[in-house]
Amino acid sequence: MEARIEKIKQSLQSKGYKLTPQREATVRVLLENEEDHLSAEDVFMLVKDKAPEIGLATVYRTLELLSELHVVEKMNFGDGVARYDLRSESNHHHHHHLICVQCGAVDEIMEDWLTPLEERLEREYQFKVLDHRLDFQGICHRCKDKALPPEAE
């Protein structure tokens, strides 16, 4: 975790920003909860445990700054709530999401299946893709399994 924090600190510094204690507390919460897609309020509640003096407005400003600097990705899964996800340091593209329309669960596809399409877009349209996002909406395996009658299993 410390290496990722140092990398984020360097990224901020290269753009003229500092990794203040408030920003670091926010980044730590995001790193500790990397599997989740936290809202600003979720981040705030977790940050408050570590640094009670931090206000909700500070968390919002920090998340917006990190989003502008492409450290996190701000997402909306159709429920009207902005969620934040740390960008992977190994991929220049973000992962993709499977969004359940029944229970609201969000599962991730960590592989980037769109590389061949990006190459084709560049080759055929001279269009260089810098980033993309792909979300699938449907019914997750958990809801599907609940809906099956016992004899169908």
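Q: How far is the sulfur of Cys100 from the closest cysteine sulfur?
A: This is a predicted model, so local features need pLDDT of at least 70, side-chain atom pairs count only at pLDDT 80 or more, and totals for chains, interfaces and linings use all residues. Residues are numbered from 1 along each chain as its sequence is written, and side-chain values use heavy atoms, with hydrogens and water left out. The sulfur of Cys100 is 3.6 Å from that of Cys140, too far for a bond.

Q: How many disulfides in the whole structure?
A: The search finds 0. A disulfide here means two cysteine sulfur atoms within 2.5 Å. For Cys103, the closest cysteine sulfur is in Cys100, at 3.7 Å, again too far for a bond.

Q: New topic. Which domains does the assignment give?
A: Domain 1 (1-86) and domain 2 (96-146). The bounds come from an automatic or database domain assignment. Their C-alpha centres lie 23 Å apart.

Q: How much area do domain 1 and domain 2 bury between them?
A: About 570 Å², 49% of it on carbon and sulfur atoms. That is accessible area (1.4 Å probe) lost on putting the two parts together, summed over both.
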